Amino acid sequence: MLILKNTGVLNKLRWSILLGILAFFSFACEDAINVDLPETETRLIVNGIVRVDTSKEFLPVEIKVTETSDFFSEPIVAELESAVILVGQRDPDDPFNLSFGTRILREYESGTGIYEPDTIGNDVDERIRTEFLDENTVFFLVVEHNGKRYAGQTIYSPSVPIDLVEQGNETLFDEDDTEIKITITDVADSKNYYVFDFDEGEFLALDDQFIDGQEFEFSYFVERDLESGEEFEVSILGADQQFFNYMDLLIEQTEDDGGIFQTPATTPRGNMFDVTGLDNIEIFDNVGRPESFALGYFAVVQEFKQSITIE
């Protein structure tokens, strides 16, 4: 073993090491790092989930449209050339036998990107009444943006009420988790899908594969901090299989903690397709344009809510 007893030599060695470290960090701090971010095509985003309270007279139609921007920026408000909703009834024995009424949407406040049924621009009230809704009610949303026409089709999806919401005292992974226990009763002898909304971007998709016609209780552990005395609201939305699959994929990607530079496995595609130039809107979902679509989703779903006070 070599032992250095000369303090002068030791001091020189220490200063040399220190200066080397300082020089390295000074160089590292001054050296700019360029990150090549992927260039993405600007797309229209349609937030068209219409949540229906059947105790109200009209559907609360409020379609919000934005556009994707660069990597680190928030979406920007979009302006449409036109927007309409077509409402009709399908014959269960002849699903292609459809007749529609057209409801015009307008942006009441310029620059908001929010389009609602027109109640002042025409002699006809364009709002849609809830009394005519059933499982055979069909909706089309058709919007025009930057010379392109997009259309989305959906059927009205009923839900079931929430029987009970209560706070539990169990935890999952974090001792600060809040357990929320929810009870519903599924409708028997039919295939049902549900989407639960716990606010602030927390959702859960559920189907009735194993609970058909049964009373079902489950626990959801809220990840964010909830304060004692805070009101917590749970919503249950009806869904068809397509909307269920879309939300299930979104939830899966949201829970994937891969970091901001993680490439998504897939781009969640909603049901707003490019139908520019098509004559037959009934086949708009198979137009041979796999890369031309809007983001987001259009659905008309029944909603029930229930609230509790956090202890």
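Tutor: Exposed means over 50% relative accessible area, buried means under 20%, and partly exposed lies in between (1.4 Å probe, protein chains only). The model is predicted: local features need pLDDT of at least 70, side-chain atom pairs count only at pLDDT 80 or more, and totals for chains, interfaces and linings use all residues. Residues are numbered from 1 along each chain as its sequence is written, and side-chain values use heavy atoms, with hydrogens and water left out.

Asp 225 belongs to the loop that runs between β13 (215-222) and β14 (231-239). Strands (E, at least two residues) and helices (H or I, at least four) are DSSP runs numbered from the N terminus. On the surface, Asp 225 gathers with Asp 174, Glu 175, Asp 176 and Glu 227 in a patch of negative charge. Such a patch takes residues with over 30% relative accessible area and no salt bridge, joining like charges within 9 Å (or nonpolar side chains within 5 Å).

Arg 224 meets Glu 202 in a salt bridge, with 2.9 Å from N to O. This pair links distant parts of the chain, for Arg 224 sits in the loop between β13 and β14, whereas Glu 202 sits in the loop between β11 (193-197) and β12 (203-207), 22 residues apart. A salt bridge here is a side-chain nitrogen of Lys or Arg within 4 Å of a carboxyl oxygen of Asp or Glu. Arg 224 counts as buried because its relative accessibility is 15%, and Glu 202, at 10%, is also classed as buried.

A search of the whole structure finds ten salt bridges. Among them is a contact between Arg 127 and Asp 125, whose closest N and O atoms are 2.7 Å apart. Arg 127 has a relative accessible area of 33% and is therefore partly exposed; Asp 125, with 34%, is partly exposed as well. Elsewhere, Arg 51, Asp 197 and Glu 303 are linked in a network of salt bridges.

Strands β11 and β14 pair in the antiparallel sense over five bridges, and Val 195 stands opposite Leu 237 of β14. Two strands are said to pair if DSSP finds at least two bridges between them. β14 is also joined to β16 (residues 295-309) by seven bridges, and these two strands run antiparallel. Within this pairing, Val 234 has Gln 306 in β16 as its bridge partner.

β16 leads on to a further strand, β8, with which it pairs in the parallel sense over two bridges. There, Tyr 156 has Val 300 of β16 as its bridge partner. β8 (residues 148-157) contains Arg 149. Arg 149 forms a salt bridge with Glu 144, the closest N and O atoms being 2.5 Å apart. Arg 149 counts as partly exposed because its relative accessibility is 37%, and Glu 144, at 22%, is partly exposed too.

β8 has other partners. Eight bridges join β8 to β7 in the antiparallel sense, with Val 143 facing Tyr 150 of β8 as its bridge partner. These two strands form a hairpin with two residues between them, and Asn 146 in the turn has a positive phi of about 50°. Most residues other than glycine have a negative phi. Asn 146 has its positive value although it is not a glycine. Asn 146 is classed as exposed because its relative accessibility is 57%. Asp 189 is another residue that has a positive phi, of about 60°, without being a glycine; Asp 189 is found in the loop between β10 (178-185) and β11. With a relative accessible area of 74%, Asp 189 is exposed.

Finally, three bridges join β8 to β15 (residues 272-274), and these strands run antiparallel. Ala 151 stands opposite Phe 273 in β15. The C-alpha atoms of Arg 149 and Asp 274 are separated by 5.9 Å, although these residues are 125 residues apart along the chain.

Technical notes
Accessible areas come from the Shrake-Rupley method with a 1.4 Å probe; for residues, only the protein chains shown count as cover. Lys and Arg count as positive and Asp and Glu as negative; His and the chain ends are not counted. The place of a charge is taken as NZ of Lys, CZ of Arg, CG of Asp or CD of Glu.
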